[in-house]
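Reader: I have a protein model open and I want to learn how to read it. Can you take me through it step by step?

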Amino acid sequence: MKKVCEALFVVELPVTNPVLIFALAMVIFLVAPLLMNKLKVPGLIGLIIAGIIVGPNGLGVLDRDPTIVLLGTVGLLYIIFIAGLEIDLDGFKKYRNRSFVFGLLSFTIPFILGTGLGLFLQYSIPASILLGSLLGSHTLLAYPIASRLGISKNKAVTTTVGGTIMTDTLALLVLAVIAGMKQDELTITFWLQMFVSLSLFVIIVLFGVPLIARSFFRNMSSQGSMEYLFVMAILFVCAFFATIAGVEPIIGAFLAGLALNRLIFEQGPLMNRIKFVGNAIFIPFFLLSVGMLMDFRVLIEEPKAWLVALSIVLFVNFGKAFAAWISGNIYSYSKDEIKLMYGLSIPQAAATLAATLVGFELGLFNLATVNGVIIMILVTCLIGPYMVEKYSRKIAQYEEEQPYEPSIAPERILIPLSNPKTIESLLDLAFIIKTPTSNEPLYPISVVQSNGGAEAAKVAEAEKMLGHAVMYASGADIPIRLLTRVDHNPASGIIRAITDTRISMVIVGWNGKLSTSQKILGGVLDQVLQQTNEMMVVSKISHPLNTTKRIVLILPSMISRKRGFKESIRVVKKIANQLGASVLGVVVKGDQYFYEKLLNKEKPDIELVLETVEKWGDLEENYYHRFKDGDLVVVISARRGTIAWHPYLEKLPKKLAETTSESFLVIFPEEEENVDLRGTRGTTLPITVLPSREYD
């Protein structure tokens, strides 16, 4: 131990040991996004800030040596490649006119402002034009928020997504021209050579690569690692030949992404591998290396640097907002939709960094400009997600509410068991919810935590507990299929069982206690909730269910828009019908008559009374003391970041456990299977970015 401590204290800065460099980088890649997530800030910002702190212009822990530069260059190409893969070509075709107009405006207005700024600051013409193109492009960083909130098909969203093709393509085209101009005089020969070489290169990549790829995927479809290596070979070969064609490697990477766009499915395993490796290693190295370029001393020593930074931030915000306003008025979009378009198109993220780094390496930009662009990226990455979440919620609230029909799938109920005392109450609840005509068995599961030994004894104990479940279920003549899992993490065992067995609903018990104050239901249940989409019923039963006289149903604002809302209502009404209980519904900030009509549509018919409150505080103040003996409180809740989520919902289970001794259920409806993550490109975006006050 003494030698280890001595070794740590004698490490010279900057660190040169390759193992220690990589170890420090991995720690940064792990910790920085986690810290940013706590602050509701995109992880991209954390990695850039980490680069500023540990880089040569900060604490000097790491140097921007050839290793960092190499891995950063790979990350740069990776970002642009993924941009080409993610572009929605079909969506662009469908809304091509609107997307073309918005994309052209969204690029041209900031481009003119940026070019004018460069000329005003006495930059060279190529540098000014390149600065304008940086402001013209954008990254769909906040698009996953719109997708998660269920408005990805809104006309304003589709217009903005399609417009991204225009802005990205025009920005890269300008970069290609500027890079060529930097190497040669502006002669007719230069333009002819560039046109011929670039045209030939584009044709070969866009038509040749798909032919090769189709042949490869036909013959090697089952070889996962070979597929990934093939795609990487295409990426870097195209990037290299782009330099031979006289343009920057990122042009080749973008064209490679476009060429493979229709051959690599967005939700397929190959895309998952591509994004996993890029997001975990290469793209963070790129962001770290860019952060190392920033030097705050330049901002202190050169007042002009502040002018550059503030002007860039102001011009990009004005340009994007003006483009959204013009497009929105042309196509009669609402004010909220215009603000949403601005929020989607304002973030300048990794692609902008990539072009900035190329400009710096070409000698077109100085450190003051790089600093200004980085500050602009930090600001826009905060504004964009905030605007998108705020106005997506407003648009969703104003749109006609059309709850999703549940998907037709086998009714398979999983019941995780860990406490012998709750087995019977959980099974009773499952018996009530289970459709009588369904032939599917119930799936009780016990997960044994692996910790390096004695698993056999624990499995035997778990089987004994499951045996009691079999005996109890046999009395109800309900088929049972027992599941046992051994896993280091109990949540992982439950999640694997959900996937392996195609579970449609999870019924789980909760003791009302939290391991830490940040948790909603506790570590294991929170993990299962966050990593699954199936309906989850969390139960805290304090009295026999058959003694229930009344169900108090709590409905959050906009809960009717959730995919699994109708099925959740059917479950509640089924419980009420089986128990012979009346239902008192409390709608938080919603239309009472709309919900009354919606609830009465679902079978079976029950005695139902609805009331409304304007805010969550009113619910606590006016209803908690009215709970009676024999009441069953049922909350139809929402997972974090989805359309009906409110910060109070995460406090509600704990408050119910503390303020009442009555039984309660928290139902998390089924969610959309996949959230569209286009635009993230290696950045960790928090599930929610709005402060709590914005939800009221």
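Author: Start with burial. Buried residues make up 56% of the 696 residues in the protein. Buried means under 20% relative accessible area, exposed means over 50%, and partly exposed lies in between, with a 1.4 Å probe and protein chains only. Two notes on the source come next. This is a predicted model, where local features need pLDDT of at least 70, side-chain atom pairs count only at pLDDT 80 or more, and totals for chains, interfaces and linings use all residues. Residues are numbered from 1 along each chain as its sequence is written, and side-chain values use heavy atoms, with hydrogens and water left out.

Reader: How many helices and strands are there in the protein?

Author: The protein has 26 helices and 10 strands. Both are DSSP runs numbered from the N terminus: helices are H or I with at least four residues, strands are E with at least two.

Reader: What does the accessible surface of the protein come to?

Author: About 30800 Å². Carbon and sulfur atoms hold 60% of that surface. Such areas come from the Shrake-Rupley method with a 1.4 Å probe; for residues, only the protein chains shown count as cover.

Reader: How should I read a nonpolar core?

Author: First the general idea. In soluble globular proteins, nonpolar side chains tend to be buried together. A nonpolar core is a set of buried Ala, Val, Leu, Ile, Met, Phe, Trp, Tyr and Cys residues joined through side-chain atoms within 4.5 Å. Here the largest one has 232 residues. F81, V231, L260, I274, L555 and I575 have the most contacts inside it. Helix 18 (residues 367–398) gives the most to this core, with 14 residues.

Reader: Which residues is L260 in contact with?

Author: Contact means heavy atoms within 4.5 Å. Leave aside the neighbours within four places in sequence. L260 then meets F81, L85, V209, A213, V231 and I234.

Reader: What share of contacts joins residues at least 24 apart?

Author: Take the contacts between residues at least 6 apart in sequence. Of these, 82% join residues at least 24 apart.

Reader: How do I read the packing of two helices?

Author: Under 35 degrees counts as roughly parallel, over 145 as roughly antiparallel, 65 to 115 as roughly perpendicular, and the rest as oblique. Now the case here. Helix 2 (residues 18–38) and helix 13 (residues 269–293) pack at about 95°, with axes 11 Å apart. They are therefore roughly perpendicular to each other. Helix 2 brings F22, A25, M26, I28 and F29 to the contact, and helix 13 brings A280, I281, P284, F285 and L288. The residues of this contact divide into 10 nonpolar, no polar and no charged. Here Ala, Val, Leu, Ile, Met, Phe, Trp, Tyr, Cys and Pro count as nonpolar, Asp, Glu, Lys and Arg as charged, and the others, Gly among them, as polar.

Reader: Why is helix 19 said to be largely enclosed by the rest of the structure?

Author: Because 8 of its 11 residues are buried. Helix 19 spans residues 423–433. Its buried residues are I423, L426, L427, L429, A430, F431, I432 and I433.

Reader: Is T356 buried or exposed?

Author: T356 is buried, with a relative accessible area of 3%. It sits in helix 17 (residues 350–361). Beyond four places in sequence, T356 touches L134, F365, V370 and V373.

Reader: Where does R640 lie?

Author: R640 is in the loop between strand 9 (631–636) and helix 26 (647–659). At 38% relative accessibility, R640 is partly exposed. R640 and I687 are 47 residues apart in sequence, and their C-alpha atoms are 6.8 Å apart in space.

Reader: Which residues have a positive phi?

Author: Phi of R502 is near 55°, a positive value in a residue other than glycine. R502 lies in the loop between helix 21 (490–501) and strand 4 (505–509), and counts as exposed at 52% relative accessibility. Phi of M558 is near 65°, also a positive value in a residue other than glycine. M558 is in the loop between strand 6 (550–555) and helix 23 (565–579). M558 is buried, with a relative accessible area of 9%.

Methods: Axes are lines fitted to C-alpha atoms, for helices over the stretch in contact, and angles run from 0 to 180 degrees between N-to-C directions.
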